Amino acid sequence: MERNVQSLLNRISFASITFATITLFFLFSHSPTTPCQSPHQTLIIRFPKSSCEANHREHLPHEKRTRRLWSTRDWRKKVDSYTDFFQILRNIGLLNNNSNVLCVSAGAGHEVMALIEMGVVDVTGVEVVDWPPLVSRADPHDLPFFDGVFDLGFSAHLAESLFPTRFVAELERTVRPGGISVLALEEWVEVGEIRDLFRKSSSVGARNVTLMGSKMTQIIMRNGIPP
Ligand SMILES: *[C@@H]1O[C@H](CO)[C@@H](O)[C@H](O)[C@H]1NC(C)=O
């Protein structure tokens, strides 16, 4: 009798385990794919916080949201700040209306708008999360552009990259020989250390600037080490 009970219990526990296994398998095989876990999202994302957030807000038409963003005082102030920043480059002859400019990690595109408003015709902005119409999606560590297609590569967000060497290498690759890379970095950053990240460029200069209310350092490198 006792053996029968034991056998029954064994069968019940076997059935339970089987059921649990099937349930788990079912749950795993039906769990939704998570678009937020892209292996390319190595940067700190500013606009929006994550692509999930963007998906959740899709009920508000993107154009409407963008127009609202563009009409804020904060947006205007930041764009104007970038205009001052780029004006320095124009004044020293490193930027003109015909420059083909790439802005890496451009967020919602303040710098892209500043350049367009200044009269620069060919401006490309990229970010891990796209923000049309100013910014399209691209991994800063694997830029979808041929070698040497830009006259000027700019980023204010190298410091947030997990792979700064790769970030800089991509900037150097996509800027033409003789073209320039421009970085805006936190004031405390060691200029020498940043310059060392560049393997194929020589230093043009570095200066203190105020960008979006913060004291920053503008570093300019020219592609192609002089012979
Ligand atoms: C660049 O474009 C702006 C805006 O269209 C214009 O005002 C400016 O004169 C242009 N500069 C040159 C040098 O053509």
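Which residues form one aromatic cluster? Y82, F85, F86 and F154 do. The model described here is predicted.

## Overall build

The protein chain has 227 residues, and 41% of them are buried. Its secondary structure comes to seven helices and seven strands. Read from the N terminus, the order is α-α-α-α-β-α-β-β-β-α-β-α-β-β.

Among contacts with a separation of 6 or more, 65% join residues 24 or more positions apart. The chain exposes about 13,200 Å². Carbon and sulfur atoms supply 59% of that area.

## Aromatic residues

The structure holds seven aromatic pairs. One of them is Y82 with F86. Their ring centres are 6.0 Å apart and their planes meet at 20°, so this pair is stacked. Both residues sit in helix α4, which spans residues 73-91. They are four residues apart there, so about one helical turn separates them.

Is Y82 buried or exposed? Y82 counts as buried because its relative accessibility is 1%, under the 20% limit. F86 is also at 1% relative accessibility, so F86 counts as buried. Both belong to the cluster that includes F85 and F154.

A charged residue meets an aromatic ring elsewhere. R65 lies over the face of W131, at 5.6 Å from the ring centre.

## Helix α5 and its cover

How many of the nine residues of helix α5 are buried? The count is seven, and the helix, residues 110-118, is mostly covered. The buried residues are H110, E111, V112, M113, A114, L115 and M118.

Helices α3 (62-70) and α4 are among them. So are the strands β1 (100-104), β2 (122-127) and β4 (150-155). Just after α5 comes G119, with a positive phi of about 105°.

## Ligand site

Which residues are around the ligand? They are N97, M118 and G119. M118 is also one of the buried residues of α5, and G119 follows just after that helix.

An N or O atom in the N97 side chain is 2.3 Å from a ligand oxygen. On its own, the ligand has 360 Å² of accessible area, and the protein covers 25% of that.

## Loops and backbone

Several loops carry backbone details. S105 lies in the loop between β1 and α5. S105 is not a glycine, yet its phi is positive, about 55°. S105 counts as buried, at 0% relative accessibility.

M212 lies in the loop between β6 (201-211) and β7 (214-223). Its phi is also positive, near 50°, in a residue other than glycine. M212 is partly exposed, with a relative accessible area of 33%.

P133 is in the loop between β2 and β3. A cis peptide bond joins P132 and P133, with omega about 5°. P144 is in the loop between β3 (135-137) and β4. P144 is exposed because its relative accessible area of 55% is over the 50% limit. T174 is 30 residues from P144 along the chain, and their C-alpha atoms are separated by 9.2 Å.

Terms used: Residues are numbered from 1 along each chain as its sequence is written. This is a predicted model: local features need pLDDT of at least 70, side-chain atom pairs count only at pLDDT 80 or more; totals for chains, interfaces and linings use all residues. Side-chain values use heavy atoms; hydrogens and water are left out. A residue is near a molecule or strand if one of its heavy atoms lies within 4 Å of it. A polar contact is a pair of N or O atoms within 3.5 Å; within protein, one must be able to donate a hydrogen and the other to accept it, and residues adjacent in sequence count only if both atoms are side-chain atoms. Accessible areas come from the Shrake-Rupley method with a 1.4 Å probe; for residues, only the protein chains shown count as cover. Rings of Phe, Tyr and Trp (its six-membered ring) pair if their centres lie within 6.5 Å; planes under 30 degrees apart count as stacked, over 60 as edge-to-face and the rest as tilted. Helices (H or I, at least four residues) and strands (E, at least two) are DSSP runs, numbered from the N terminus. Buried means under 20% relative accessible area, exposed over 50%, partly exposed in between (1.4 Å probe, protein chains only). A charge sits over a ring if NZ of Lys or CZ of Arg is within 6 Å of the ring centre and within 35 degrees of the ring normal. Contact means heavy atoms within 4.5 Å.
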